[in-house]
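Me: I would like to go through this model with you. Could you take my questions in turn?

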Amino acid sequence: MKGTYTLLVELAAPVEVEFGAKGTRKLDSGWYAYTGSAFGQGGFSRIARHGRVASGENDARHWHIDYLLGHDGSALVDDVRTEGEDVECAVARELGEEVEAVSGIGASDCDCDTHLHFSNERERLETVIRRAHE
């Protein structure tokens with residue numbers, strides 16, 4: 001199955017994360033939403049790969065989110081999916097209207113400012129994510 005997904009990531013404490021060529025970013029503790037596309041080979045199996053990075057089973061850093069997921073203080077908590085539709089940028093834009101953007105992350109192949117967003121409140125972020133995927 002292919003489509004668009006948003007990962008819900010918890011960051012237990014403030015950290016500095018090296019995002020490859022994008023450089024180091026200081027991130028506050030709280031909740032992060034990363035929106036990506038699963039239209040390539042394997043489709044939504046990409047989410048399982050992100051889970052292996054988050055658990056430490058896989059050290060490869062292919063996408064910006066892998067740098068956050070590979071950090072010891074982060075945890076991949078959940079994901080929301082839209083099957084069969086390429087709504088990655090639309091979801092990212094809607095999230096940006098509702099919660100804080102982490103500029104320049106995860107949007108190197110489109111015109112969006114970012115595909116990574118932040119909120120102090122899990123419930124608020126989950127509500128925004130689910131609404132954006134409707």
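This is a predicted model: local features need pLDDT of at least 70, side-chain atom pairs count only at pLDDT 80 or more; totals for chains, interfaces and linings use all residues.

Me: How many helices and strands does the protein chain have?
Reply: The protein chain has four helices and seven strands. Helices (H or I, at least four residues) and strands (E, at least two) are DSSP runs, numbered from the N terminus. Along the sequence, the pattern reads β-β-β-β-α-α-β-α-β-β-α. The radius of gyration is 13 Å, close to the 14 Å from the globule rule for 134 residues, so the protein chain is as compact as a globular protein of that length. That radius is taken over C-alpha atoms, and the rule is 2.2 Å times the number of residues to the power 0.38.

Me: What box do the C-alpha atoms fill?
Reply: Along the principal axes, the box is roughly 35 × 30 × 25 Å. Of the 134 residues in the protein chain, 44% are buried. Buried means under 20% relative accessible area, exposed over 50%, and partly exposed in between (1.4 Å probe, protein chains only).

Me: And the contacts?
Reply: Contact means heavy atoms within 4.5 Å. Among contacts between residues at least 6 apart in sequence, 68% join residues at least 24 apart.

Me: Turning to α1, which of its residues are buried?
Reply: In helix α1 (residues 45-55), the buried residues are Ile47, Arg49, His50 and Val53. They lie on the same side of α1, because they cover an arc of only 155° around the axis. The arc is that of the directions from the helix axis to the C-beta atoms. These buried residues pack against β1 (3-11), α2 (64-69) and β5 (74-83). After α1 comes Gly56, which has a positive phi near 90°.

Me: Which residues of α3 are buried?
Reply: Glu88, Val91, Ala92 and Leu95 are buried in helix α3 (residues 88-98). Viewed down the axis of α3, they fall within an arc of 100°, so they line one face of the helix. Their cover includes β1, β4, β7 (116-119) and α4.

Me: How many cavities of 30 Å³ or more does the structure hold?
Reply: The structure holds one cavity of 30 Å³ or more. The largest cavity has a volume of about 40 Å³. Its lining consists of Thr6, Leu7, Leu8, Asp78, Asp79, Val80, Glu126, Ile129 and Arg130. The elements that give two or more residues to this lining are β1, β5 and α4 (122-133).

Me: How are cavities and pockets defined?
Reply: On a 1 Å grid over the protein atoms alone, a cavity is a set of points where a 1.4 Å probe fits but cannot get out; a pocket is an open set with protein on both sides within 12 Å along at least five of seven lines, and lining residues have an atom within 4 Å of a point. Grid points are joined across faces, edges and corners, and a volume is the space filled by probe spheres set on the points.

Me: What lines the largest pocket?
Reply: The largest pocket holds about 200 Å³ of space. It is lined by 13 residues, of which Tyr34, Trp63, Glu88, Gly106 and Asp109 lie nearest its centre. Strand β4 (residues 30-38) gives the largest share of the lining, three residues.

Me: Now the loops. Where is Lys22, and what does it touch?
Reply: Lys22 is in the loop between β2 and β3. Not counting residues up to four places away in sequence, Lys22 touches His64, Gly104 and Ile105. With a relative accessible area of 36%, Lys22 is partly exposed.

Me: Where is Gly20?
Reply: Gly20 is also placed in the loop between β2 (15-18) and β3 (24-27). Gly20 counts as partly exposed because its relative accessibility is 22%.

Definitions and conventions: Residues are numbered from 1 along each chain as its sequence is written. Side-chain values use heavy atoms; hydrogens and water are left out.
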